[in-house]
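Welcome! The short report below goes from the whole chain to its parts.

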There are 2 protein chains.
Amino acid sequence: MSPPLSSLGEFGLVALFERAAQARHPATRVGIGDDCAVLDLGGLERVLLTTDLLLERVHFEAAWLSAEDLGHKSMAVNLSDVAAMGGEAVAALLALGLPPGLEVAWVEGLRDGLVGCARAYGLELVGGDTVSAPGGAVVCLTVLGRAPADEVVLRSGGQPGDRVLATGPLGDSAAGLHLLRGGGAGLAPEDRAALLLAHRRPEPQLALGRELARRRLAHAMIDVSDGLVQDLGHICERSGLGAELDADGLPLSAAARRLAALEGLDARDWALSGGEDYRLLFCVPGGLAAEAERVCRGLGLEAAELGRLGAGRGVRVRRDGQVSAPADQGFDHFGPRGAR
Amino acid sequence: MSPPLSSLGEFGLVALFERAAQARHPATRVGIGDDCAVLDLGGLERVLLTTDLLLERVHFEAAWLSAEDLGHKSMAVNLSDVAAMGGEAVAALLALGLPPGLEVAWVEGLRDGLVGCARAYGLELVGGDTVSAPGGAVVCLTVLGRAPADEVVLRSGGQPGDRVLATGPLGDSAAGLHLLRGGGAGLAPEDRAALLLAHRRPEPQLALGRELARRRLAHAMIDVSDGLVQDLGHICERSGLGAELDADGLPLSAAARRLAALEGLDARDWALSGGEDYRLLFCVPGGLAAEAERVCRGLGLEAAELGRLGAGRGVRVRRDGQVSAPADQGFDHFGPRGAR
């Protein structure tokens, strides 16, 4: 009797594939383990490839997300991976499983969300696959991007002493999810709308990623999809470093703070382990932090310094004067909190 | 009240997206509607992109297909799309949804099938996504290929008078499915094994596709995934032509013929509308048919001439001296025969 997948965890599962895929194709520059795979097909540019799978009732509830929101979000999530490499998005493939009884209007909404987001970020839907999925909608989107060969930013490039920066707000998406789960009675309508929008309509930071890459300001970069602690943990692991995060300096929105106060919760938890913010988290050498902040301001964004890379392993969080290494480093699809 | 998706059919669904995706990216050479999308990222080569979604209980029954077969088949199906463009496969992304209670040994089997097939055809698994799928396994594979810019073979290039060729056998996969559904009592074990293998372990014809493309022998090409009539129909539609298929000349295996005789069925139906054979179907100018046949023989394959492209619309089938246009032109996921 073989043990169940849940005993392995999501990272154990990925490792299972990573170990077997050791036969390197001459075109592969980066394989499993970064936001995108990086291919060298000749020339001065690299090809970036990323894919995401969204399942009804696992990643979204049809009642919580309109078809158009779902389309937008599926696209945005993949574009965010291209942004995290410093790339530009070129083309997308959509593999779609749909229940045959679904209304055509729902599919048109999904399409409008997908195609609208693609158009806003300058890429095209070039192909895909459509199948019947009686058990619930399945959306698998793949995006191809590109970046100049010497400007691709990996998770693995972090250096000791690098400042860890991100643009805020962080935690709004998790706060929005809290509302969808029925929380937040008494929250002001404009706060509610802002937090729901952050959850339903994340915007990938392609311009910021490209600009940081072009100016060679980031040693390492990732997008905040699993939660700040876990995503910074990926940079630490790939860079062979540790990091300290200052929870007191997190860029939280006023709306998230007000919701947290109303519920007796700490908004910092949404930022640290909520995920789905799709903001870029980037590691900048100390001497370039001011320039990175200027680049952010030029794009209408405010960079927050969240901590530093250093020796050791894993992420330690400084919070209310105490430093600890959180056991819960984010979302594991197959772990004890899985399948939420 | 919006009508249900099933009223639209699979091709209506694709058209819904095709119409909306009209904003052409300068890199797009071929978008929705061929075996692969074709991108021009600069240089003398084109990038080919294709994706396929396989769902448990829709595309496969875990009891009918071992995990290793499923892994192999998922990869082979995508590689067959690259073969149909005349391309070479470079890299694959795997998006995987799995029930958390699944055994690790099953996942290892799936991986071994996928990676084994990738290795056999010279490409690498470079990334993906893993999520929990309590409703049943979901496998979405995306393959990136490449081909010299002037050697990409489209569905749309067919010319009147072109000979329609394929290498056999055709229909074995559908015959194998017939066995899995409980048919074929009394069939010889070696016939049973051969037909099941054809269904479970299709081999993509990458070498054949590349060679036909390199020698510029094929005006148009597609792989037989939906069924011969429907797939030739795609070439006709994109080329603005009609075609006549000679059902009496179909390359059927002796095993499929014996199974059909045993069951009182006609093996030609498996070839015409069964699908999943993943053989290449290609249209060759009359003067080059002999050379195309030589290329096939050089690869240990036997080419069969199935008919010709000509004026008109759609596919007509000549069978036992009668010509008819089959109403059932193959498998529609969302049509009346959908979700099988």
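## The chain as a whole

Chain A contains ten helices and 13 strands. Its radius of gyration is 20 Å, close to the 20 Å that the globule rule gives for 340 residues, so chain A is as compact as a globular protein of that length. Please keep in mind that this is a predicted model.

If you draw a box around the C-alpha atoms of chain A along the principal axes, that box is roughly 55 × 55 × 55 Å.

## Inside the fold

How much of chain A is buried? Of its 340 residues, 58% count as buried.

Among contacts in chain A with a separation of 6 or more, 82% are between residues 24 or more positions apart.

## Two domains

The domain assignment divides chain A into domain 1, covering 5-151, and domain 2, covering 155-324. Taken over C-alpha atoms, the centres of domain 1 and domain 2 of chain A are 22 Å apart.

## Where the domains meet

Across the boundary, 22 residues of domain 1 of chain A are in contact with 21 residues of domain 2 of chain A. On the domain 1 side, the elements of chain A that give two or more residues are helix 2 (67-83) and strand 4 (88-98). Helix 2 of chain A supplies the largest share of that side, with ten residues.

What kinds of residues does domain 1 of chain A bring to the side that touches domain 2 of chain A? Eleven are nonpolar, four are polar and seven are charged.

Terms used
Residues numbered from 1 in each chain as written. Chains lettered and ligands numbered in written order. Predicted model: local features only at pLDDT ≥ 70, side-chain atom pairs only at ≥ 80, totals over all residues. Domains from an automatic or database assignment. Contact = placed C-beta atoms within 7 Å. Helix = DSSP H or I, 4+ residues; strand = E, 2+ residues; numbered from the N terminus. Nonpolar A, V, L, I, M, F, W, Y, C, P; charged D, E, K, R; others polar. Rg over C-alpha atoms; globule rule 2.2 N^0.38 Å. Buried ≥ 20, exposed ≤ 12 C-beta atoms within 10 Å, placed from the backbone.
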